[in-house]
Amino acid sequence: MEPVVDTMPIGELLDERRHLLDVAHWMLGSGAVAEHVTDEAYREWYALSEHQRDRIGAPRAWLTRVVGSISLARLALSDRERGPQDPVGSRGASGPALEDDLDALWAGALDALTPAERATLVLNEALGGAAGEPVSTAGPAGRGRPGPVDTEPLDRARHSLRATTARPTPRHVEDALADAVRQACADEDADRLAGLLDPDAVAFYDGGGKVRTLTRPVVGGPRVAQSLLTLLARHPRTTVHTRPVNGRTGLVARYDGQVAAVICLDLAGSRVVQVWAVLNPDKLRSWNSPRV
């Protein structure tokens with residue numbers, strides 16, 4: 001089976017980001033500035049082409065060097081040149097405040113969409129395609145942008161999603177299926193987990209560009225199962241429980257007691273047809289508040 005690249009266990013995702021934050025904080029002495037520097041490093045990572053990322057043998061070391069470079073550049077600026085409002089790294093036309101506003105608008109727009117609409121929109125956003133145009137995960141075309149590809153598996157998955165609203169899954173079936181997914185992940189049973197997924201299941205991993213995770217959708221039950229097993233790999237500091245998520249039963253994964261992933265499961269009958277894993281630390285802040 002073709003490997004699902006760029007998938008990482010939750011512990012590694014968080015440890016990598018914490019490491020980068022520590023490096024930036026040590027160099028700059030400010031937690032808030034360290035957040036901006038770390039986010040800028042991840043933006044540079046995702047600005048690379050897929051081919052360029054594949055050629056980096058040690059991504060964590062590469063990101064550490066980028067954090068160091070951005071921090072040194074910031075330290076080299078005089079107070080007069082930098083000014084209180086300059087974005088970290090000064091590498092783009094928009095600053096952190098504008099990006100935060102856009103992120104909030106994007107999150108609100110996603111919340112208003114049906115699962116199928118959300119899947120289509122995020123697919124095109126992740127791959128750089130224009131709305132309504134088929135996009136490819138196979139390779140560059142033209143100016144390094146993805147070209148056309150057979151989207152039949154995604155179309156079938158979206159059809160299954162439409163069937164979800166036409167045939168709602170009873171709550172007791174939903175609870176049982178979510179718990180079966182959780183147990184299969186805990187047992188690291190790939191075959192059992194794949195059997196709980198629709199053959200054309202699709203998984204999306206929303207890292208918000210702030211953790212190093214998959215940028216493309218994962219298509220096909222066995223590949224989705226593989227990506228979930230990697231993300232939720234057994235670890236003494238990782239726990240996974242079923243919890244209400246967006247009005248349905250989903251999975252909440254914690255690492256060192258901190259919510260590290262919230263996983264929504266869209267069902268059709270007795271199968272999971274779509275997995276939506278939220279790993280974006282900004283979106284998980286409310287889950288890590290004292291009331292959760």
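Which helix gives the largest share of the lining of the second largest cavity? Hold that thought, everyone.

First, some ground rules. This is a predicted model, where local features need pLDDT of at least 70 and side-chain atom pairs count only at pLDDT 80 or more, while totals for chains, interfaces and linings use all residues. Residues are numbered from 1 along each chain as its sequence is written, and side-chain values use heavy atoms, leaving out hydrogens and water.

Now, the sheet. Strands here are DSSP E runs of at least two residues, helices are H or I runs of at least four, and both are numbered from the N terminus; strands pair if DSSP finds at least two bridges between them. β4 pairs with β3 (197-206) in the antiparallel sense over 2 bridges.

Back to the cavity. A cavity is a set of points on a 1 Å grid over the protein atoms alone where a 1.4 Å probe fits but cannot get out, and lining residues have an atom within 4 Å of a point. Volume is the space filled by probe spheres set on the points, which are joined across faces, edges and corners. The second largest cavity holds about 40 Å³, and its lining is Ile 10, Leu 13, Leu 14, Val 211, Ala 260 and Leu 279.

And our helix? Helix α1 (residues 10-28) gives the largest share of that lining, 3 residues.

Terms used: 1 Å grid on protein atoms, 1.4 Å probe; cavity = no way out; pocket = protein on both sides within 12 Å on 5 of 7 lines; lining within 4 Å.
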